[in-house]
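Subject: Structure for you to look through

Dear colleague,

I am passing on the structure that I promised, and my notes on it follow below. Please keep the model open beside you while you read them.

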Amino acid sequence: MGTLLIRGGRIIDPSQGIDRVDDLLVRDGVVASIGRAAGPTDESFDASGMIVSPGLVDMHVHLREPGREEDETIETGTRAALAGGFTSVACIPNTEPPIDTQAAVGFIHQKAARADTCNVFVVGCVSRDRAGRELADIGGLFEAGAVAFSDDGAPVYDAELMRRALEYCRMFDVPILAHEEVLELTRGGVIHEGLVSLALGLGGMPAAAEEIMIGRDIALAACTGGRLHVMHVSTAGGVAQVREAKARGIRVTAEACPHHFTLTDEALRGFDSNCKMSPPLRTAADVEAIIAGLADGTIDCIATDHAPHAREKKMLELDRAPFGILGLETAIGLAVTRLVAPGRIDWPRLIDALSTAPARILGVPRGTLRPGAVADITVIDPDTNWQVDVSAFRSKSVNSPFQGWMLRGRAVATIVAGRVKFRR
Amino acid sequence: MTDGSPPAWEHRHLLDLERLSAAEIGLLLDTAARLKEATNGCRTKLSALAGRTVVNLFFENSTRTRTSFALAARRLGADVVDFSTSASSLAKGESFIDTARNLEAMGIDAVVVRHASPGTPHLLARHLDVGVINAGDGPHEHPTQGLLDIFSIRERRGSLAGCTVGLVGDIAHSRTARSNLHGLLKLGARVILCGPPTLVSPRWQELGAEVSHDLDAIIPRCDVLNLLRIQFERQNTRPFPSVREYASLYAMTGERLRRARPDLLILAPGPINRGVEMTADVADCPQSVILDQVTNGLAVRMGVLWLTCGARPAATVAGGQG
């Protein structure tokens, strides 16, 4: 495969505590060295003014295949990932059929290999058929390559089943990725329950619906010693619970989505179904708590909850349109614009949240530029200002509320195992 | 006045009262008043909208509002098409936006839309080039109902400023409550929302309303009581233990009426559940303006139709509310 030299970029690798301008040499698909390189190379890349990061990892992506290829496929979704700077995604198993068999895991791996884009790590179902009644074949799924387990799209409703899942997964040291929602409290809900839902006459989803379930699952993690990962935390109360659980030594991690640190429920005033997702956009105080949680490490990582829906599905009455928005191609821009540019977090923390931390949570050998590691690398232009244009997205869908937004920061090269897979 | 162009109105749609100014609401009310007078109490016909076609696009059952809009359009000389959902393509899976676009392609001038989903008129307004009038979008707003309630109060009292209006009942699920609230507050009235805490959130105070859970306490302070229907069909779960308990706390009765100011006005948007929101003696008492509301509904809808799709050259059709 030969050598690739990335010259003169600001190399940030939280896994080694590196943050300096230097050269990075890749040989035969693995990181060879960081430091001034001498001698000729097959390929070289001028990264001056750029940030050179371990490849970004999005641990919460809905690729929709199999079953809903009209929204996204493994190929289009992973192309969107590359364009967004992600070298790895973890795909959530709420497909049709759900990923609850070894054959289904094999299908994803095969499709991903054929697409030849970024790494696709498979999340398996917690429960058979994602029905919430009995455990899926977690051991078999793990053997087939599943890196975590989740019934996302819905919570694991039966507390005893959740307890057993947390307990059982200790055997493989893999996390349960939990969608936290008390369904009785969100029935008929469309947006966050607050002043906006009241004024618009829309069904509300109270913060308590998330907080109660986070509380339950933290208690179950404490009593089992299992690994709980709280997906898309959206409430100030949820952030506080995770912070307190970590202080008590409970094995809990958490992620936040870019839209939850960017928008509030005020964005729903125009009844735009591209602002509808679950958990919903909350209040300014919740946004502030999420940013603070990302800054102090309570929230370990940023994940997009990339949820494509074909245009005709979103072009419906707000209460009938499905939940979910795109995330992959706007994640860096929103994180830089909302978090780094205003000085809320620094670059090393952002790279940690987008790469090193999610790789660690999933237990995958990524998120590092240590010599010998697979050369997954993202080169980011931290200062470029660009306008979001959904028609240029690689995703098959266009359901983004950020159409037309000016954002700062964007991936300019995405390198997977030493090969430049995307170049802007 | 009805021979020429309507007064200056900057919106092509009427989607809600929340985003209208006091002056714009005043213009709507004044126009309705003048039309009511010019038509001898909405009984005679004008030709202001001759040659125009108004479509009643009702995705939710309605008899009174649909009839009122149809009659209002005809009183102004417009043609009216009633679009019925049962006979529509919706049963075949066509989206409501496609349905509306098809109707638009037939050369219509305005769409009066009722739908169970909040924001549907706003969505249509983004996709259609003709005027869109909201005839009720779920629990969100029902601007012409709000206007006709306010019109009826103003007709009796002259002005809304300083007037105390109690809205009683199922505030949570009531589009009438929301339109009344916005309109009344903008015109300087004091608004008290009254009902059990499961139907009246304290958050309404952030919008400038007073919130009470004690009907008996507010009755002596009110100049107007607007008794809203319990929207059983919109409730996921019963927000009170029984209708009997609700009625004992919040039904307007003859006995409660005796503790009110003698000049209290009683409004109800209807249809009313006699015995739930009010007893029969209250519905038919001299303070009741319930039947005035029906006539005034015609006047208000004539005003709205005239302003939104009246004599206006196509070239000036631009912008829009929202």
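His232(A) has a phi near 25°, a positive value in a residue other than glycine, and sits in the loop between strand 13 (228–230) and helix 8 (236–247) of chain A; helices (H or I, at least four residues) and strands (E, at least two) are DSSP runs, numbered from the N terminus.

Before going further, please note that this is a predicted model, in which local features need pLDDT of at least 70 and side-chain atom pairs count only at pLDDT 80 or more, while totals for chains, interfaces and linings use all residues. Residues are numbered from 1 along each chain as its sequence is written, and chains are lettered from A and ligands numbered from 1 in the order in which they are written.

Arg130(A) also has a positive phi, near 55°, and is found in the loop between strand 8 (119–124) and helix 3 (138–144) of chain A. Arg130(A) is buried too, with 23 other C-beta atoms within 10 Å. Pro66(A) lies between strand 6 (56–61) and helix 1 (74–83) of chain A, whereas Pro97(A) lies between strand 7 (86–91) and helix 2 (102–115) of chain A.

Next come the domains. Chain A is divided into domain 1 (3–51 + 375–423) and domain 2 (54–362), with bounds that come from an automatic or database domain assignment. Where the two meet, 32 residues of domain 1 of chain A are in contact with 45 residues of domain 2 of chain A, contact meaning that the C-beta atoms of two residues, placed from the backbone, lie within 7 Å. On the domain 1 side, the largest share, 7 residues, comes from strand 17 of chain A.

Within chain A, strand 1 and strand 2 (residues 18–27) pair in the antiparallel sense over 9 bridges, where pairing requires that DSSP finds at least two bridges between the strands. Ile11(A) stands opposite Arg20(A) in strand 2 of chain A, and in the hairpin of these strands, which has 4 residues between them, Gly17(A) takes a positive phi near 65°.

Which residues have the most contacts inside the largest nonpolar core? They are Cys91(A), Phe149(A) and Ile290(A), in a core of 118 residues; a nonpolar core is a set of buried Ala, Val, Leu, Ile, Met, Phe, Trp, Tyr and Cys residues joined through C-beta atoms within 7 Å. The largest share of this core, 8 residues, comes from helix 12 of chain A. Helix 11 (residues 331–340) of chain A is mostly covered, since 8 of its 10 residues are buried, and those buried residues pack against several elements, including helix 12 (347–362) and strand 16 of chain A.

With best wishes

Key: A residue is buried if 20 or more other C-beta atoms lie within 10 Å of its own, exposed if 12 or fewer, and partly exposed in between; C-beta atoms are placed from the backbone.
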